[in-house]
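Me: I would like to go through the labels used for this model and ask what each one rests on. Please show it before we start.

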Amino acid sequence: MSETRARKIPTKEKVLHAAEVLFAEHGFTETSLRQITERAGVNLASVNYHFGSKKALIQAVFERFLAAYFETVDERLIEIEKNNQINARTILRAMGEALLSLDKMRPDGMSIFLKLLWRAYAESQGHLRKLMMLRHGHTARRFFRLVYQALPNRTPEDIFWRLHFAMGATVFALSGKRALSEISEDEFGVTSESEAIVERLVDFISGGLATNS
C-alpha cells in the first residue's frame, strides 16, 4: 500500500485494524493502547476521541466481525426454516458459510475473528457476550431454536456442552488453517483450502452432536 493511499484511511479505521491484529495475536489484557497507537501510526488522543476507553475499543473490534458474521448466519437460518431443512448438518453448514464470508470482509478475517473469539473466552471478557446478545440475540435465539428442533432427544445442557466442544474444534482448526493445510500437504500430498476444512468440520461436528454416546 502506498503512503498516499495509507494517509486516506480514516484514523478510526487505522485504530480498528491495528487493534484487531494485536488483540488476536497477544490478547486483550496484554495489548496496551500504546502498542495499538504505535502500530496504527496515530496518537493516544485519537483513540480516546473515537472510542473513549480500551473496553469500548475491544467491543468495537468485536462488533465489526459480529455484525458481518451474524448477518450471514441470519440469512442462512431463515432459508433453512423456509425450506424446512432443519437438521444439524444444514445448520452447521450455515455457520461455516458465515465464517468463510469473513475472508471477504478483510484478508484472514475468519482466522482473526476466531482468535478474538478464543481470547474472549480465555480472558473471561463477559462484556463481549453481553454485547453479542444485545446486538444479535435474535439470531442466536433462532440458531438455538433450530438446533433444539434438529436434536429433539438432546437436553439443552447436553447441547450446550457439545456446541462449546464444537466451538473449540472450530477455533483450533480454522484459526490455524495454514498450519493444518501444510501438514496435510506434507503427509498426504493434498492442499486443503478453507472451504474443504469447513466441510470436514461440518461432518465431524454434526456426527458429534448426533451420537448417542
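Reply: Buried means under 20% relative accessible area, exposed over 50%, and partly exposed in between, with a 1.4 Å probe and protein chains only. This is a predicted model: local features need pLDDT of at least 70 and side-chain atom pairs count only at pLDDT 80 or more, while totals for chains, interfaces and linings use all residues. Residues are numbered from 1 along each chain as its sequence is written, and side-chain values use heavy atoms, with hydrogens and water left out.

Me: Which residues of α2 are buried?

Reply: They are V15, L16, A18, A19, E20, V21, L22, F23 and A24. Helices are DSSP runs of H or I with at least four residues, numbered from the N terminus. The buried residues of α2 pack against α3, α4 (44–50), α5 and α7. Just after α2, G27 has a positive phi of about 95 degrees.

Me: What is the span of α2 set against?

Reply: The expected span of a helix is 1.5 Å times one less than its number of residues. With 16 residues, α2 reaches 22 Å from first C-alpha to last, close to the 22 Å expected.

Me: Why is E63 called buried?

Reply: Its relative accessible area is 14%, so E63 falls under the 20% limit and is buried. E63 is found in helix α5. Leaving out residues up to four places away in sequence, E63 touches L131, R135 and H136, where contact means heavy atoms within 4.5 Å.

Me: Why is the pair of F143 and F144 called edge-to-face?

Reply: Rings of Phe, Tyr and Trp (its six-membered ring) pair if their centres lie within 6.5 Å; planes under 30 degrees apart count as stacked, over 60 as edge-to-face and the rest as tilted. The centres of F143 and F144 are 5.2 Å apart and the planes are at 70 degrees, so the pair is edge-to-face. F143 has 12% relative accessibility and counts as buried, whereas F144 has 33% and counts as partly exposed.

Me: What makes a set of residues a nonpolar core?

Reply: The members are buried Ala, Val, Leu, Ile, Met, Phe, Trp, Tyr and Cys residues, joined through side-chain atoms within 4.5 Å. The largest such core here has 58 residues, of which F23, L57, Y69 and L116 touch the most other members. Its largest share, eleven residues, comes from α5.

Notes
Helix = DSSP H or I, 4+ residues; strand = E, 2+ residues; numbered from the N terminus.
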